[in-house]
Amino acid sequence: MNTTPGWTVAPEPVGSPDAAALWRAYYTEVSDRWYLLHEGHRTDPAELEREIAADPGDQLASPGGRLLVARYGGVAAGMAGVRLLDAATAELKRVFVYEAMRGRGGAPLLVAAAEDAARALGATRIVLDTRGDLVEARTLYARLGYRETAPHNDEPYAEHWFRKDLLSGSAPVARHPAAAPGSSRTAPRSTP
């Protein structure tokens, strides 16, 4: 378990009540955001339930993945996941922090913890995709040392793809001070 003042981040079973609540909140937010931008309405409740049930996050479970839950003051506040795409490449998924908890340093801590989890799985690089309207996510990833790259998948809602090398000696990474090497440390599915 990684910690910083007020925050802890630790692995969590994909099916735990906290993980399920975070997945629901994440998916609702990114789906509603897409529908409001493109069609002027929120996600149809039946579609929302169907899509949440269709992707329980099994790809984020051991042995090829990890789901991490951040807690602030002991209360679940955010999540991030990683899964192996191949022996050297992990994919960052479901970075999300509840809106009321944003701006307190949780997202950078979650990403740093996910990078550590990817390294523990044997990955030497991490990739992700996100949408154009998720400007805050793209800003976070760039600030944390991710570089925009050519597409690595054909996800229907993906519009931007990022990569970061996880090997020591890779490009300097701007991290939250609590995520500095040697410190203890502990964010939204980018496509609906």
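How many bridges join E5 to E6?

1. First, some ground rules. This is a predicted model, in which local features need pLDDT of at least 70 and side-chain atom pairs count only at pLDDT 80 or more, while totals for chains, interfaces and linings use all residues. Residues are numbered from 1 along each chain as its sequence is written, and side-chain values use heavy atoms, with hydrogens and water left out.

2. To the opening question: E5 and E6 run parallel and are joined by three bridges (strands pair if DSSP finds at least two bridges between them). Helices (H or I, at least four residues) and strands (E, at least two) are DSSP runs, numbered from the N terminus.

3. Now look at isoleucine 126 in E6. Its bridge partner is alanine 90, and isoleucine 126 also stands opposite lysine 164 in E8. E6 and E8 run antiparallel, with six bridges between them.

4. E6 is mostly covered, with five of its six residues buried (under 20% relative accessible area; exposed is over 50%, partly exposed in between, with a 1.4 Å probe and protein chains only).

5. Next comes helix H4, residues 135-143, where Ala137, Leu140 and Tyr141 are buried. Seen down the axis of H4, its buried residues fall within an arc of 95°, so they line one face of the helix (the arc is that of the directions from the helix axis to the C-beta atoms). Just after H4, glycine 145 has a positive phi of about 95°.
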